[in-house]
Amino acid sequence: MKTISLSAQKMAKRIARYGALKPLPIQQSDIPLPARDVVYSRKLLSVIGLEDGQTPINAGAPIRGAAGMTMTLAVCPPGQGPGLHAHRQTYETFTVLKGRFEVSWNDDGSGNTVLELFDTVSFPPGVCRAFRNVGDDEGILQVLITGGVHDMSDIDFSADARARIEAVGKGLSREFEKAGFTFTAGNTSGAAPRGRQR
């Protein structure tokens, strides 16, 4: 096999320093924190983005291009984590890097287990999933997305997530819909998400 050599300058573009990672801009909004906590981990730190950088989830990633995979670090205080959601076309794989996390799955969250340090779980497209830090300290999950473009239109939250957001403030779920999220996961009517044709 013929190999390639990279200069230090080119290799620097393939290194992400934890201390230099910044929370995603999409999380910086006027939406109240309790509503944002239903959709996002408290802090999402993008590590590896897509080659073209076109997805808002990983737009600021210091590393670009890893064969269509994205990697984000989900930082959650105790008790926090996003609500039930499904990905339409991508796999989502979690590995605990710090703390303990409960993951739940199915439309009603009836499946669940606790992941300990370095445990990994991988969800295929179409399965509702959620995670929550059940430790006493801040926890960190490594989140790998594979198998398709990871953007807001790939993520569909449950009607329960919409209700939790609306309990914080009437009409707040529309703010997340403007970003591309939908709230039809588990909807068995077969109807396409509002405003989308898939």
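Me: Why is Asn106 called partly exposed?
Reply: Asn106 has a relative accessible area of 33%. Buried means under 20%, exposed over 50%, and partly exposed in between, using a 1.4 Å probe and protein chains only, so Asn106 counts as partly exposed. This is a predicted model, where local features need pLDDT of at least 70, side-chain atom pairs count only at pLDDT 80 or more, and totals for chains, interfaces and linings use all residues. Residues are numbered from 1 along each chain as its sequence is written, and side-chain values use heavy atoms, leaving out hydrogens and water.

Me: What makes Phe118 exposed?
Reply: Its relative accessibility is 56%, and exposed means over 50%, so Phe118 counts as exposed. Phe118 also has a positive phi of about 70°, although it is not a glycine.

Me: Where does Phe118 lie?
Reply: You will find Phe118 in the loop between strand 7 and strand 8 (120-123). Strands are DSSP runs of E with at least two residues, numbered from the N terminus.

Me: How do you know that strand 3 and strand 10 pair?
Reply: Two strands pair if DSSP finds at least two bridges between them. Strand 3 (residues 70-76) and strand 10 (residues 139-146) have seven bridges, in the antiparallel sense, so they pair by that definition. Within this pair, Cys76 stands opposite Gly139 in strand 10.

Me: Why is one side of strand 2 left without a neighbour in the sheet?
Reply: The open sheet of six strands has the order 2-1-3-10-5-8. Strand 2 (63-64) and strand 8 stand at the edges, each with a single partner strand, so one side of each has no neighbour there.

Key:
Helices (H or I, at least four residues) and strands (E, at least two) are DSSP runs, numbered from the N terminus.
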